[in-house]
Amino acid sequence: MRDERQVLPADLVVLAVGLVPDDTLHTACLEAHAAAEIYQIGDAFSPARILEATRSGYAVGRQL
C-alpha cells in the first residue's frame, strides 16, 4: 500500500479521540461569563459515540 495524500472537502470535521471528558473550554467560558447561557454537551460532558454526542447537542438546541 502506498501513502497518498488526499484532500476532501468538508463543512465539518469531527475529531474522535480520547476517553476522558475535557471541560477546559466550558470552564473558561463560565469563568469569563462569555454568555448568558453556557451548556456543556457531547464529549466535553461525557465521552460517547458520535451518535450520542450529536443527540445531546440536538437536545440542547431544541430547548433554546
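Reply: The radius of gyration is taken over C-alpha atoms, and the globule rule used for comparison is 2.2 Å times the number of residues to the power 0.38. A compact globule of 64 residues would come out near 11 Å, but this chain has 16 Å. Its C-alpha trace spans about 50 × 25 × 25 Å along the principal axes.

This is a predicted model: local features need pLDDT of at least 70, side-chain atom pairs count only at pLDDT 80 or more, and totals for chains, interfaces and linings use all residues. Residues are numbered from 1 along each chain as its sequence is written, and side-chain values use heavy atoms, with hydrogens and water left out.

The chain holds two helices and zero strands. Both element types are DSSP runs, numbered from the N terminus: helices are H or I with at least four residues, strands E with at least two. Helix α1 covers 24-31, and α2 covers 50-63.

Buried means under 20% relative accessible area, exposed over 50%, and partly exposed in between (1.4 Å probe, protein chains only). The accessible surface comes to about 6300 Å², and 58% of that belongs to carbon and sulfur atoms. These areas come from the Shrake-Rupley method with a 1.4 Å probe; for residues, only the protein chains shown count as cover.

Now the part you asked about. L12, V14, I50 and L51 make up a nonpolar patch on the surface, with about 410 Å² of accessible area together. A patch takes residues with over 30% relative accessible area and no salt bridge, joining nonpolar side chains (Val, Leu, Ile, Met, Phe, Trp, Tyr) within 5 Å and like charges within 9 Å. L12 sits in the segment before α1. L12 counts as exposed because its relative accessibility is 67%.

L19 is exposed at 76%. A48 is 29 residues from L19 in sequence, yet 8.1 Å away in space, C-alpha to C-alpha.

What about charge? R49 forms a salt bridge with E52, and the closest N and O atoms are 3.1 Å apart. The rule asks for a side-chain nitrogen of Lys or Arg within 4 Å of a carboxyl oxygen of Asp or Glu. By this rule the count is one. R49 is exposed at 62%, while E52 is partly exposed at 30%. Over the whole chain, the mean positions of the 5 positive and 9 negative charges are 11 Å apart. Lys and Arg count as positive and Asp and Glu as negative, without His or the chain ends. Each charge is placed at NZ of Lys, CZ of Arg, CG of Asp or CD of Glu.

Finally, the loop between α1 and α2. H33 lies there, with phi near 50 degrees, a positive value in a residue other than glycine. H33 has 66% relative accessible area, so this residue counts as exposed. A36 is in the loop as well, exposed at 86%. A36 and D3 are 33 residues apart in sequence and 48 Å apart in space, C-alpha to C-alpha.
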